[in-house]
Amino acid sequence: MSTLLEVSDAHVSYGKVEAVRSVSLTVAENEIVTIIGANGAGKTTLLSAIMGVFPLKGRVAFLGEDMARLEIEDRVARGLCLVPEHRELFATMNVEDNLQLGAFRMSKAHAARGFEHVYTLFPKLKERRKQLAGTLSGGEQQMLAMGRALMGSPKMLMLDEPSLGLAPIIVAGIFEIVAKLRQEGVSVLLVEQNAKAALNVADRAYVMELGEFVLNGKASEIATDPRVAASYLGFAEAAAS
Amino acid sequence: MNTTILLFLLQDGITNGAIYALLGLALVLVFAVTRVILIPQGEFVTYGALTYASLAAGRMPGTAKLAVVIGLVAFAFDLYAMRKTLHVPRIARAFGLNLAFPVAVLLATMWVADQRMPAGVSLVLSLLIVASIGLSLYRIVFQPLAHTSVLVLLIASVGVHLALQGLGLLFFGAEGQRGPTLLTASATLGSLRFTGQGMAVYGITIAFIVGLWLFFGLTLYGKALRATAVNRLGARLVGIRTTLSGQIAFLLASTIGALSGILIVPITTLYYDTGFLIGLKGFIAAIIGGLISYPLTAVAALVVGIVEAFSSFYASNFKEVIVFTLLIPVLLLRSLAAPAVEEEKD
């Protein structure tokens with residue numbers, strides 16, 4: 001598997017406060033990588049900086065190309081896509097328009113295929129296609145945010161807290177889709193507080209604390225690490241025994 | 001007051017209101033997409049009107065040369081921005097938009113100024129000149145400031161207004177001008193007489209509003225503009241360049257401004273600084289619409305036009321005072337409804 005995304009020695013600061021310190025990570029083709037960590041660890045900041053929303057010191061390469069001088073829009077054109085924590089939908093526009101704009105850079109034929117694909121993955125969106133995005137439920141908005149990102153045929157999708165505030169049954173559906181994306185050749189970098197669900201679906205994982213990676217490895221191994229079990233999976237005693 | 005006067009004032013108010021509606025819609029569009037309160041909208045009105053009047057009189061307007069000069073500066077800005085990633089198609093696009101387009105318009109203008117062409121040709125050339133100026137102004141002044149606060153953008157906007165007004169005096173002189181009417185036909189309905197120019201104002205305003213509605217509702221670029229207005233970060237995340245949205249917004253605003261000027265210059269004598277006052281009335285309508293709502297802005301513009309017509313009949317000395325005072329109760333009501341508004345951050 002060749003490397004798709006390579007982040008080396010990344011630092012991200014808000015003024016004098018360094019939110020991300022000396023972080024390095026890689027994501028290969030057809031791979032799901034997750035970053036788990038407590039609230040405020042710097043996961044969302046890192047993802048946003050990789051996308052170009054915040055300035056980042058260090059190196060970000062996508063398909064071997066240095067991203068330093070590229071704007072967000074150029075990174076989207078290269079096949080890197082972010083579904084942010086707050087989804088950033090076009091609330092006063094309907095589902096269909098949101099999806100159509102996801103394929104803004106694509107041809108009409110490509111957009112038509114994209115609609116078919118997204119409606120197959122998320123049939124609920126087809127039922128709601130004339131409804132305003134701002135009036136959808138939380139789960140539907142998450143589906144729309146993911147669907148809108150997929151309309152642009154990304155090579156890699158970065159998902160920031162896709163399960164945040166959603167009912168367990170909807171979360172399960174979202175993670176099923178994440179697994180399906182890998183089969184379709186889309187790599188995923190997943191930031192999650194729901195560590196259990198994230199580690200179940202991921203190939204590899206990084207654990208982030210106070211802006212730094214403190215642990216990384218295969219997701220199955222991370223899931224059985226006693227420190228992770230104690231801090232993020234809520235079964236410290238079981239892991240210790 | 002008898003019915004004839006009442007109807008006449010209403011007709012006059014609606015004609016002016018239609019112009020203010022166009023200007024108000026342009027102001028709302030530019031603010032929603034770029035957060036710029038477009039004070040120089042009035043100068044687009046003046047430049048459009050006086051360029052049209054100059055061409056019709058067989059004179060070469062200075063605005064055509066200004067378009068080339070600021071186009072050259074805009075191209076230099078683009079080249080500097082692209083110095084590290086020399087991307088040939090992008091350079092070609094910048095060259096075409098910033099330089100080749102205004103130069104072609106200048107050559108056409110020089111040729112037309114000698115020929116005394118029909119009013120339609122002067123109208124199209126005037127629109128193209130002002131559109132080119134609008135595009136370059138966005139590139140030079142507002143695009144580099146896109147990430148700053150609304151206040152900084154407003155200060156820049158005032159600066160552009162003052163600069164354009166000064167240049168207007170240089171190009172057109174202190175004397176007022178009138179342009180030829182677009183339609184000479186007229187019709188009478190009861191006691192009301194509809195002039196061809198009045199009908200052109202109604203027809204073009206309605207066509208433009210319908211055109212804008214179709215553009216925003218049906219086309220991908222129109223939807224991209226709406227998306228940028230609704231959520232700037234969301235738009236960037238799907239690959240919509242906010243600079244492209246800004247360009248389209250300024251292109252539309254400058255064209256609408258120029259068109260408004262061309263529509264009124266056969267009815268009213270316009271001076272180099274008249275546009276500011278006309279633009280301000282569009283601004284009042286836009287403020288009543290909360291700088292957000294297009295339909296509310298259009299309705300408010302008609303109200304402004306009608307109030308202005310009645311004020312000039314009853315108290316012509318206080319006409320402007322009455323019109324601008326409309327703003328106070330609206331601002332009071334709005335401030336009560338939304339006591340604190342935080343500025344949007346990217």
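Reader: Why is Ser153(A) called partly exposed?

Author: This is a predicted model, so everything here is read off its coordinates. Ser153(A) has 18 other C-beta atoms within 10 Å. Buried needs 20 or more and exposed needs 12 or fewer, so with 18 Ser153(A) is partly exposed.

Reader: And where does Ser153(A) sit?

Author: Ser153(A) lies in the loop between α6 (138-150) and β7 of chain A. Its phi is near 45°, a positive value in a residue other than glycine. For background, most residues other than glycine have a negative phi.

Reader: What makes Asp9(A) exposed?

Author: Asp9(A) has 11 other C-beta atoms within 10 Å. The cut-off for exposed is 12 or fewer, so Asp9(A) counts as exposed. Asp9(A) belongs to strand β1 (residues 3-14) of chain A, and here too phi is positive in a residue other than glycine, near 50°.

Reader: How do you know that Leu23(B) is buried?

Author: Count the C-beta atoms again: Leu23(B) has 31 others within 10 Å. Buried asks for 20 or more, so Leu23(B) qualifies. Leu23(B) is part of helix α1 (residues 3-34) of chain B.

Reader: Which residues does Leu23(B) contact, leaving aside its neighbours within four places in sequence?

Author: The partners are Gln41(B), Ile256(B), Gly257(B), Ser260(B), Ile278(B), Gly279(B) and Gly282(B). Take Gln41(B): it is 18 residues away from Leu23(B) along the chain, and their C-alpha atoms are separated by 7.5 Å.

Reader: What makes helix α1 of chain A mostly covered?

Author: Of the 9 residues in α1(A) (residues 43-51), 7 are buried. Those are Lys43(A), Leu46(A), Leu47(A), Ser48(A), Ala49(A), Ile50(A) and Met51(A).

Reader: What residues build the contact of α11(B) with α12(B)?

Author: Lys281(B), Gly282(B), Ile284(B), Ala285(B), Ala286(B) and Ile288(B) come from α11(B), while Leu296(B), Thr297(B), Ala300(B), Ala301(B) and Val304(B) come from α12(B). They divide into 8 nonpolar, 2 polar and 1 charged.

Reader: Back to chain A. What makes β6 and β10 the edges of their sheet?

Author: The sheet is open, with 6 strands in the order β6-β7-β8-β3-β9-β10 and mixed pairing. β6 (80-83) and β10 (212-218) each have a single partner strand, so one side of each is left without a neighbour in the sheet. Neighbouring strands are turned by 15° against each other on average, direction ignored.

Reader: How do you know that β6(A) and β7(A) pair?

Author: Pairing takes at least two bridges. β6(A) and β7(A) (residues 156-160) are joined by 4 and run parallel, so they pass. Val83(A) has Leu159(A) in β7(A) as its bridge partner.

Reader: And what joins β9(A) to β10(A)?

Author: 6 bridges join β9(A) (residues 204-209) to β10(A), and the two run antiparallel. Tyr206(A) stands opposite Asn216(A). The strands form a hairpin with 2 residues between them, and Leu210(A) in the turn has a positive phi of about 45°.

Technical notes:
Residues numbered from 1 in each chain as written. Chains lettered and ligands numbered in written order. Predicted model: local features only at pLDDT ≥ 70, side-chain atom pairs only at ≥ 80, totals over all residues. Contact = placed C-beta atoms within 7 Å. Axes fitted to C-alpha atoms, helices over the stretch in contact; angles between N-to-C directions. Nonpolar A, V, L, I, M, F, W, Y, C, P; charged D, E, K, R; others polar.
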